[in-house]
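Here's a quick briefing to read alongside the model. Take a look at the fold, then walk through the points below.

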Amino acid sequence: MYSFDDLAAKFGVSVKTIRRRMNENGIKPVDKDGKTLLFDDHALAVLQDVIQTKQSKHEAVVNAGLANIKKSSNTPAESVQVQEGLEQLENATHTLAGDEYAKAIANQVAEMLKSDTSVNKAISLLTVAVNRGRIIDQQHDELVAEIRRLDDKVDSLYDRLLHNMRNFNYRKMAKINAEEFMKMTSKHKGKVSGQASKQVKKKEKGGWSR
């Protein structure tokens, strides 16, 4: 199990960064030690993917920026547009899925700038990708919020169940069940007795008829 401090030390970042990355990607604790939240190996693996992908996304954006600088056929205005698009792309996403998408786009833009492809195509791609990256993150955030809402609902139902179980009067219920059982037994005995009495009367009538 790992605490926030353990994870921060493992990845060489601040606890604040760890908390932010976990919140962005819906990573939840699996246990508690007093007030200390604890995370398992699965959370560690997801967090590692998140941090590595964010770093590789940044590197991809930097490489695309270098390709933009080296592309001599660009006008100053075009170079500025590409750079602004790359900066927006890097800042547009914060989830693992969004960062993976942004990284792929940055790599694609770098290849376009290194080739004879028109710079306007790279600019158009960046414009569309920024919007798509935001949509990916928004959908992820909505999904995480819904999962948390359902988790809270389940926790609330579980707490209520435990409360009811603790406050349930088993002795009273046992007494009620015993009383109901006695009533049913008494009714059954009465019914059986009545049927036996009828049979006796029938036999008596039959005897008189002979």
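Helices (H or I, at least four residues) and strands (E, at least two) are taken as DSSP runs, numbered from the N terminus. This is a predicted model, so to speak of local features takes pLDDT of at least 70 and side-chain atom pairs count only at pLDDT 80 or more, while totals for chains, interfaces and linings use all residues. Residues are numbered from 1 along each chain as its sequence is written, and side-chain values use heavy atoms, with hydrogens and water left out.

**The aromatic pair**
- One aromatic pair turns up, counting Phe, Tyr and Trp (six-membered ring) with ring centres within 6.5 Å; planes under 30 degrees apart are stacked, over 60 edge-to-face, the rest tilted.
- Phe4 and Phe39 have ring centres 5.1 Å apart and planes at 65°, so they sit edge-to-face.
- Phe4 belongs to helix 1 (residues 4–11), while Phe39 is in the loop between strand 2 (36–38) and helix 3 (41–70), 35 residues apart.
- Phe4 is buried at 12% relative accessibility, and Phe39 is buried at 2% (buried is under 20% relative accessible area, exposed over 50%, partly exposed in between; 1.4 Å probe, protein chains only).

**Around Met112**
- Met112 is in helix 5 (residues 96–114) and is buried, at 14% relative accessible area.
- Leaving out residues up to four places away in sequence, Met112 touches Lys71, Thr117, Lys121, Ala122 and Leu125 (contact is heavy atoms within 4.5 Å).

**Helix 3**
- Val62 sits in helix 3 and is partly exposed, at 37% relative accessibility.
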